[in-house]
Amino acid sequence: MTTRTRSEERRAEIVRAALEVIAERGYRGASLAAVAERVGLTQQGLLHHFPTKEALLVAVLKERDQWDAVPNTQWRVDLLTSLVEYNAMRPGIIQTFSALLGESVTEGHPAREFFTQRYAAVRASMASVLRAEYGERLPNGLSPERAAPLLVAVMDGLQYQWLLDPESVDMPGAFRDFLTLLGENPPPGSLSGSPSDSPPGEG
């Protein structure tokens, strides 16, 4: 086994341990010391693989995305509710995602690039999901590209509300309500289109 392979395996072990610690103790309780102890390293030894806590948490989120990722051809709108329900069963990971997301909007934050790239990919993926379900136009008149950012915003925004008050916010139920609205026809004259949103041949 090469040194590089051993290092990659050690990094993977640390990420798995971080996932366990986050699940048990939540975002704030997932200290570098706690993760290092879980894998039998000193904190300094862990920093050899991940120089900051943010770097480790980004690696954790990337691992989560690998678990959650399903090819666009397999995603359906109705399966998105199952993903929201699954997220409701792992508050520690959702805390980590939401906390890092909030911090990443500041210039120079180590998670900024991860979230910027992730959102571009997720918007494109959701547009593909909506196109497979509705074609080039949703019943409410929006194109999949215009509706995709709204879909992503609702999913992530509900997570914040649910984390703050889980007893009052039914995250899966609210998301199902939004999908109902997404597929409804708007009142006559309520949707103003834009030239860039016109289907081919219209202008």
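Okay, hi everyone. Before anything else, this is a predicted model, so local features need pLDDT of at least 70 and side-chain atom pairs count only at pLDDT 80 or more, while totals for chains, interfaces and linings use all residues. Residues are numbered from 1 along each chain as its sequence is written, and side-chain values use heavy atoms, with hydrogens and water left out.

Let's start with the overall picture. What does the secondary structure come to? For this protein, 9 helices and 0 strands. Helices here are DSSP runs of H or I with at least four residues, strands are runs of E with at least two, and both are numbered from the N terminus. Reading from the N terminus on, you get α-α-α-α-α-α-α-α-α.

How much of the protein is buried? Of its 203 residues, 39% count as buried. Buried means under 20% relative accessible area, exposed means over 50%, and partly exposed is in between, with a 1.4 Å probe and protein chains only. The accessible surface comes to about 11400 Å², and 54% of that belongs to carbon and sulfur atoms. Those areas come from the Shrake-Rupley method with a 1.4 Å probe, and for residues only the protein chains shown count as cover.

One more overall number, about contacts, meaning heavy atoms within 4.5 Å. Take the contacts between residues at least 6 apart in sequence: 65% of them join residues at least 24 apart.

Now, how do the helices pack? Look at H8 and H9. Their axes come within 10 Å and cross at roughly 160°. The axes are lines fitted to C-alpha atoms, for helices over the stretch in contact, and the angles run from 0 to 180 degrees between N-to-C directions. So H8 and H9 are roughly antiparallel to each other. The cut-offs are under 35 degrees for roughly parallel, over 145 for roughly antiparallel, 65 to 115 for roughly perpendicular, and oblique for the rest. H8 passes H9 in a right-handed crossing. A crossing is right-handed if the near helix is turned clockwise from the far one by less than a right angle, and left-handed if anticlockwise. Residues making the H8 and H9 contact include Leu150, Leu151 and Val154 of H8, and Phe175, Phe178 and Leu182 of H9.

Next pair: helix H6, residues 91-104, and H8, whose axes come within 10 Å and cross at roughly 115°. That makes H6 roughly perpendicular to H8. This crossing is left-handed. Among the residues in that contact are Pro91, Ile94 and Phe97 of H6, with Tyr160 and Trp162 of H8.

Let's zoom in on leucine 182, which lies in helix H9. Is leucine 182 buried or exposed? With a relative accessible area of 4%, leucine 182 is buried. Not counting residues up to four places away in sequence, leucine 182 touches Leu130, Leu138, Pro139, Asn140 and Ala147. Leucine 182 and leucine 142 sit 40 residues apart in sequence, and their C-alpha atoms are 9.1 Å apart in space.

Here's another one to find on your screen: arginine 64, in helix H4, residues 53-68. Arginine 64 counts as buried, at 4% relative accessibility. Leaving out residues up to four places away in sequence, arginine 64 touches Asn87, Arg90, Ile93, Ile94, Phe97 and Arg118.

Last topic, salt bridges. How many does the structure hold? There are 10 salt bridges. The rule is a side-chain nitrogen of Lys or Arg within 4 Å of a carboxyl oxygen of Asp or Glu.

One joins glutamate 85 and arginine 176, with the closest N and O atoms 3.1 Å apart. Glutamate 85 lies in helix H5, residues 77-87, and arginine 176 in helix H9, residues 171-182, so the pair ties together parts that are 91 residues apart in sequence. Glutamate 85 is partly exposed at 36%, and arginine 176 is partly exposed at 39%.

Another joins arginine 131 and glutamate 145, where the closest N and O atoms are 2.8 Å apart. Here arginine 131 is in helix H7, residues 112-134, and glutamate 145 is in helix H8, residues 144-164, 14 residues apart.

Then the side chains of aspartate 78 and arginine 76 meet at 2.9 Å, N to O. Finally, Glu20, Glu24 and Arg38 are linked in a network of salt bridges.

That's it from me, thanks!
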